[in-house]
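Visitor: I would like to learn how to read a protein model. Please take the features one at a time.

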Amino acid sequence: MQVDNWDHRVSSWAVDNTPVFGSVQNAHDWSDYLQYAAGIAYLASLAATPSGDYGSDWWDAKLRGGMVGLGAMVATGATKEVLNLASGRQRPDGGQNSFPSGHTSFAAVADTLTARNLESIPMNDGARTATIIGVDALTFATGWARVEAGAHFPSDVLVGMSIGNFFGRMFSDAFLGDGLQDRVALSIEPARGGAEIVWAWRF
């Protein structure tokens, strides 16, 4: 987005034309609605995730899943705040703390957590794929609404998506452990003057 000033050009075009939401105010409003919808989708997926028979084990599983989601969201929000302060980037509308987008990072972490929950919910593959596409669309729509609203540049939105996706995947893999053994590898490899320990984590 930085090549040939595309970041600013796309932002200006989106605010001037508002092709999806029709006005800057509508884009502001819809960015809030879509962000909330992503959060609601995550809570619904958490409730629908199989957790064994109802009882103490069921509550333990729900609490564990909820705490993992909360941790991912807190880490996402904290990272967003640090980057806002460090970058000091001005918003297209003249406001402060443009980089990265908080709305988009929240929608992205909720989307990623929802997609991970959907992997364990019994449903046919077509329904699962359609649902994941739907929650992904919430994130992209939230990001675009922020651009049309003049609240963020496209690069702010893309970095927000990346942060949310990163922490959603990292917390799910680290603390829920579904298929963790297939994603984590530890090895000792020869190196000049000795050896090195290599830890690889795919997420």
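Visitor: Which side chains meet in a salt bridge with an N to O distance of 2.7 Å?

Guide: A salt bridge is a side-chain nitrogen of Lys or Arg within 4 Å of a carboxyl oxygen of Asp or Glu. Here the side chains of glutamate 81 and lysine 80 form one, at 2.7 Å from N to O. This is a predicted model, in which local features need pLDDT of at least 70 and side-chain atom pairs count only at pLDDT 80 or more, while totals for chains, interfaces and linings use all residues. Residues are numbered from 1 along each chain as its sequence is written, and side-chain values use heavy atoms, with hydrogens and water left out.

Visitor: Is lysine 80 buried or exposed?

Guide: Buried means under 20% relative accessible area, exposed means over 50%, and partly exposed lies in between (1.4 Å probe, protein chains only). Lysine 80 has 15% relative accessibility, so lysine 80 counts as buried. Glutamate 81, at 40%, counts as partly exposed.

Visitor: How many salt bridges does a search of the whole structure find?

Guide: The search finds 6 salt bridges. One of them links glutamate 119 and arginine 116, at 3.8 Å from N to O. Glutamate 119 counts as exposed because its relative accessibility is 54%, whereas arginine 116, at 16%, counts as buried. The side chain of arginine 116 also meets that of aspartate 173 in a salt bridge, at 2.5 Å from N to O. Aspartate 173 lies in helix H6 and arginine 116 in helix H4, so this pair ties together parts that are 57 residues apart in sequence. Both aspartate 173 and arginine 116 are buried. Elsewhere, salt bridges with shared partners join Asp7, Arg89 and Asp156 into one network.

Visitor: How should I read two helices that pack together?

Guide: Two packed helices are described by the angle between their axes and the distance between the axes. Axes are lines fitted to C-alpha atoms, for helices over the stretch in contact, and angles run from 0 to 180 degrees between N-to-C directions. The axes of H4 and helix H6 (residues 154-176) come within 7 Å and cross at roughly 35 degrees.

Visitor: Is the crossing of H4 and H6 left-handed or right-handed?

Guide: A crossing is left-handed if the near helix is turned anticlockwise from the far one by less than a right angle, and right-handed if clockwise. The crossing of H4 and H6 is right-handed. Contact means heavy atoms within 4.5 Å. The residues of H4 that meet H6 include Ala108, Val109 and Arg116. On the H6 side, Gly160, Gly164 and Asp173 are among them.

Visitor: What elements does the protein have?

Guide: Helices (H or I, at least four residues) and strands (E, at least two) are DSSP runs, numbered from the N terminus. The protein has 6 helices and 2 strands. Their order from the N terminus is α-α-α-α-α-α-β-β. Of its 203 residues, 38% count as buried. Among contacts with a separation of 6 or more, 70% are between residues 24 or more positions apart.

Visitor: What should I look for in the backbone?

Guide: Most residues other than glycine have a negative phi, and most peptide bonds are trans. Threonine 18 has a positive phi, near 35 degrees, and its place is in the loop between helix H1 (6-17) and H2. Threonine 18 is buried, with a relative accessible area of 9%. Asparagine 97 also has a positive phi, near 60 degrees, and its place is in the loop between H3 and H4. Asparagine 97 is partly exposed, with a relative accessible area of 33%.

Visitor: Which residues does a cis peptide bond join?

Guide: The cis bond joins phenylalanine 99 and proline 100, with omega about -5 degrees. Proline 100 is in the loop between helix H3 (56-87) and helix H4 (102-118).
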